Amino acid sequence: MTQQPFSRPGAFDLSGFQGAGGAPAGGGAADPAASSAYAVSVTEQNFQSLLESSMTAPVLLVFFSRARAPQSGQLADDVTTLSTEFEGRFLAGLVDVDAVPAIAQAMQIPSVPLVVVVLDGRPMPLMQEALPIGELRTALTQVLQSLTTQGVTGRHQPRQTVVTEDGEP
C-alpha cells in the first residue's frame, strides 16, 4: 500500500513555529487576557496547546489589531468579558495579528476582526464583524446552546487567578 501525503481540509502547518522566540507585543495596550481566567493571549509558543484544548470544549480565537481596526480591539475585550460570564463554556484565545503575524498567516486570516471557533482541533469561522456586547452575548449563547444539543458539554478550567481592582483574587 502506498502512503498518501497528509491532507486534511481546514488543517494548517504549525511546524514553522518551533523555536520561534520573542515576547508578544501588545501594541502598547494592556493585556486584555489578564482580566479573565478563561482568556489567553496567543503566542507562537502556546498556540498548539490552545488548539489541543479545543478537544475538551470550544476555543474562540479572536483575531484583532488595535492599530489597524480599533473596533477589533473592543471585540477582543468584549469576548474576554464574556468568557468570564460563560464560566469556561469556551476559552478565548486573543490573537493580536500585529504581535504574532505568523499565526494570522498560517490561518490565512483575510482581515480583522475575525472570530473563529475551534472544536476538536478544527477551525470554523464564526463572525467577521465587531458586534455590540449585547448582540455578541446573544450570538455566543445561541452557538453554545447549539453545541450542547450536539453533545458538546465540556468546560475549560480557569487558566489563572484574576486579581480584581480592589486587590482580591
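**From a charged pair to the sheet**

Begin by selecting Arg137, which is partly exposed at a relative accessible area of 31% (buried means under 20%, exposed over 50%, and partly exposed in between, with a 1.4 Å probe and protein chains only). This is a predicted model, in which local features need pLDDT of at least 70 and side-chain atom pairs count only at pLDDT 80 or more, while totals for chains, interfaces and linings use all residues. Residues are numbered from 1 along each chain as its sequence is written, and side-chain values use heavy atoms, with hydrogens and water left out.

Glu85 is partly exposed, at 42%.

The structure holds three salt bridges, and another one joins the side chains of Asp77 and Arg66 at 2.8 Å, N to O. Asp77 lies in helix 2 and Arg66 in the loop between strand 2 and helix 2, so this pair ties together parts 11 residues apart in sequence.

Select Asp98 and Arg68 next, a salt bridge whose closest N and O atoms are 2.7 Å apart. Asp98 is partly exposed, with a relative accessible area of 37%, whereas Arg68 counts as exposed at 60%.

Now show the strands: five of them form an open sheet in the order 1-3-2-4-5, with mixed pairing (two strands pair if DSSP finds at least two bridges between them). At the edges are strand 1 (39–41) and strand 5 (122–127), each of which pairs on one side only. Strand 1 and strand 3 (residues 91–96) pair in the parallel sense over three bridges, and in strand 3 the bridge partner of Ala39 is Ala92.

Finally, select Phe86 and Phe90, both of which are buried. A search of the whole structure finds one aromatic pair. The ring centres of Phe86 and Phe90 are 5.6 Å apart and their planes at 50 degrees, so the pair is tilted (rings of Phe, Tyr and Trp, the last by its six-membered ring, pair if their centres lie within 6.5 Å; planes under 30 degrees apart count as stacked, over 60 as edge-to-face and the rest as tilted).

Notes: Helix = DSSP H or I, 4+ residues; strand = E, 2+ residues; numbered from the N terminus. Salt bridge = Lys/Arg side-chain N within 4 Å of Asp/Glu carboxyl O.
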